[in-house]
Amino acid sequence: MLEGILIGLQTALSMQNLLVVIGGCLIGTFIGMLPGLGPMSIIAIMIPVAITMGDPSAALILLAGVYYGAIFGGSTSSILLNAPGVAGTVASAFDGYPMARQGKAGKALTIAAIASFAGGTIGAILLMIFAPMLSTVALLFHSPEYFALMVVGLSAIAAFAGPGQVTKALLMTVVGLIMATVGEGALFNLPRFTAGIMDLQSGFGFITLAMAMFALPEAIFLVLKPKNLGDNGGEIKDLRITRAEARAIAPVIGRQSVQGFFIGVLPGAGATIASFLGYAVERNIAPKHEQDEFGRGSIKGLAAPESANNAACTGSFVPLLTLGIPGSGTTAILLGALIALNVTPGPRLMIDEPQIFWAVIMSMFIGNLVLLILNLPLIPYIAKLLAIPRNFLIPFILFFTLMGAYIGQNNATELLMLVGFGVCGIALKFANYPLPPLLIGFILGGMMEDNFSRSMQLYGGVSFVLERPMTLALLIIAASLIIVPIVRARRAR
Amino acid sequence: MALDRWIALVLLGICIIYGYTAWFTMDASLAPFMRRNPIWPSTFPKVLSVLGVTASFVILLGLEKSEEWVGDIDHRRLGDYFIGQALLLLGLMVVYALCLRPLGFLFSTVAFLIIGSVILGERKWHLMIPVALIATGSVWYLVQEVLGIFLRPLPYFLGV
């Protein structure tokens with residue numbers, strides 16, 4: 001392994017490759033801030049550039065830099081504008097945006113940068129050590145386990161239910177799941193609940209719903225009650241994290257980096273479930289007085305999903321590099337790039353082309369480090385975005401929500417849906433319905449139904465729950481994630 | 001009746017219509033070979049409709065105890081806030097959605113950004129116009145020219 005690490009370092013630390021990774025990180029960060037352009041689209045766009053570079057190692061280093069940059073860029077728009085452009089950064093908005101509203105935008109971005117760096121780095125270390133072993137474990141996961149894993153992901157809703165809000169959170173989750181059933185399902189290939197409208201054949205767009213439930217209601221609330229986002233008395237450019245805060249988030253980052261990595265290894269699970277689950281777990285294990293802080297600007301609530309989603313992204317490289325199986329949309333595109341560069345990922349990659357295998361892993365370390373070094377000095381300037389007067393800022397926020405929905409689907413009807421859902425989001429916010437469960441239900445609903453249906457077909461009924469111990473164990477974990485907080489709350493009363 | 005119950009009532013209606021479709025109409029067009037499957041396209045929606053109706057009823061009947069909650073903005077006194085500006089901005093978004101294709105991205109977006117600022121009370125034209133022009137041009141260049149995602153720049157009658 002040491003020899004491999006040295007080969008990888010030698011390749012990744014050449015002047016050309018260092019410039020490539022810096023360029024990739026910068027491009028990824030800035031384009032990733034645009035809602036609607038997640039890592040997948042940005043990498044797809046950068047593939048022609050990577051291929052023309054000729055050298056597979058340099059090309060992969062560029063794409064890795066773009067990947068990490070895009071993830072950080074996505075978190076930035078989540079934290080500053082409450083506009084998550086990709087599912088993996090939705091959970092970062094839960095506490096990141098309240099922090100920005102309290103005048104702690106600089107601190108929130110710093111925590112996000114450090115947590116992302118730690119998540120990515122710990123993930124890369126785990127990848128180096130466990131990659132070959134984990135690839136076989138990942139293959140033990142079948143549809144029943146995936147279904148149970150989605151249920152575990154849904155159990156995160158308990159984390160959003162304040163006092164007297166459990167049924168509201170449940171109803172919002174059901175509404176999200178119902179919305180996910182609209183359109184053609186992957187398994188049945190039949191249009192459902194489309195009312196004959198062609199634009200609904202492919203279902204509702206994730207970005208449209210995310211913008212409508214998060215960014216649009218916030219922007220309208222800022223119009224109703226005028227206030228500049230930078231007017232909260234805090235110093236929005238201040239990056240400092242106190243020693244007590246660092247002590248509080250360090251174990252969270254450590255735990256969620258490890259948990260996120262292992263969830264990311266499972267093909268199809270990915271950063272979204274890792275971030276939701278990371279958030280839910282940290283809230284559940286936090287002391288009572290800290291639990292109430294979640295959703296209102298808790299630093300732990302921000303650090304958990306940020307480290308988990310970055311570690312999960314690194315984890316998703318395990319099946320790609322060791323088995324040639326892409327575990328997520330982004331790694332599927334990377335697989336295409338590898339093939340175009342005449343590199344065949346799989347069990348023999350480490351033996352036949354060790355310089356590429358190790359260069360990719362080393363570029364993850366270097367990419368994360370470069371991203372941290374580049375972004376920390378930029379944070380004060382990025383955070384200054386909130387100091388723009390509201391008369392200018394609000395039309396821009398609304399414009400970017402519209403663009404996010406439009407770019408995602410390339411359909412003007414999507415914009416009308418965005419406004420319609422946005423009005424619903426505003427009404428739900430007025431009535432104190434928690435909105436994150438709706439989005440969680442929507443994101444996980446499709447995958448959950450597909451895996452549930454496949455399991456039912458394979459086992460001819462629900463017997464798979466009892467026949468597969470791992471499924472049963474995961475379902476028990478999900479039930480405890482919901483029941484334990486309720487029981488604790490009752491006892492506290 | 002409190003707003004959350006009104007919303008529960010609306011959602012109850014939606015869940016009933018959804019459930020009716022899932023329980024009674026959806027399976028009519030199902031191919032015979034699919035009827036032998038242990039799971040049908042309507043199975044999951046049926047479960048969801050029952051859950052949705054139950055949860056809506058619990059909220060509607062006030063079975064879960066919760067304290068009355070007033071957030072940052074009290075919806076019962078909307079007249080005290082800038083409701084006119086908010087409604088105009090939502091209307092502007094609808095107009096933008098309808099104009100984006102026929103009038104082209106550049107014109108629609110410049111107009112959206114300037115009118116949006118005007119609605120919010122801005123009158124510094126020397127700032128609004130250049131900011132809107134530069135921002136629109138930059139976004140269009142980035143999205144269409146760099147990223148290759150088509151955004152019709154000019155009105156349809158100019159043929160682009």
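This is a predicted model: local features need pLDDT of at least 70, side-chain atom pairs count only at pLDDT 80 or more; totals for chains, interfaces and linings use all residues.
The contact draws on 53 residues from chain A and 56 residues from chain B. On the chain B side, five helices each supply at least two of the residues that touch chain A: helix 1 (3–25), helix 3 (43–60), helix 4 (83–103), helix 5 (105–119) and helix 6 (125–146). Helix 4 of chain B gives the largest share of that side, 11 residues. Sorted by class, the side of chain B that touches chain A holds 36 nonpolar, 13 polar and seven charged residues.

Helix 4 of chain B also has a partner helix in chain A. Two packed helices are described by the distance between their axes and the angle between them. Here the axes of helix 19 (residues 412–430) of chain A and helix 4 of chain B come within 8 Å and cross at roughly 170°. Angles over 145 degrees count as roughly antiparallel, and the two helices are therefore roughly antiparallel to each other. From helix 19 of chain A come Ala412(A), Leu415(A), Leu416(A), Val419(A) and Val423(A), which meet Leu90(B), Met93(B), Val94(B), Ala97(B), Leu100(B) and Arg101(B) in helix 4 of chain B. The residues of this contact are 10 nonpolar, no polar and one charged.

Within chain A, Leu341(A) sits in the loop between helix 15 (329–340) and helix 16 (349–352). Is Leu341(A) buried or exposed? Leu341(A) has 20 other C-beta atoms within 10 Å, so Leu341(A) is buried. Leaving aside residues up to four places away in sequence, Leu341(A) touches Ile51(A), Pro56(A) and Ala59(A). Gly54(A) is 287 residues from Leu341(A) in sequence, yet their C-alpha atoms are 7.5 Å apart in space.

Technical notes
Residues are numbered from 1 along each chain as its sequence is written. Chains are lettered from A and ligands numbered from 1 in the order in which they are written. Two residues are in contact if their C-beta atoms, placed from the backbone, lie within 7 Å. Helices (H or I, at least four residues) and strands (E, at least two) are DSSP runs, numbered from the N terminus. Ala, Val, Leu, Ile, Met, Phe, Trp, Tyr, Cys and Pro count as nonpolar, Asp, Glu, Lys and Arg as charged, and the others, Gly among them, as polar. Axes are lines fitted to C-alpha atoms, for helices over the stretch in contact, and angles run from 0 to 180 degrees between N-to-C directions. Angles under 35 degrees count as roughly parallel, over 145 as roughly antiparallel, 65 to 115 as roughly perpendicular and the rest as oblique. A residue is buried if 20 or more other C-beta atoms lie within 10 Å of its own, exposed if 12 or fewer, and partly exposed in between; C-beta atoms are placed from the backbone.
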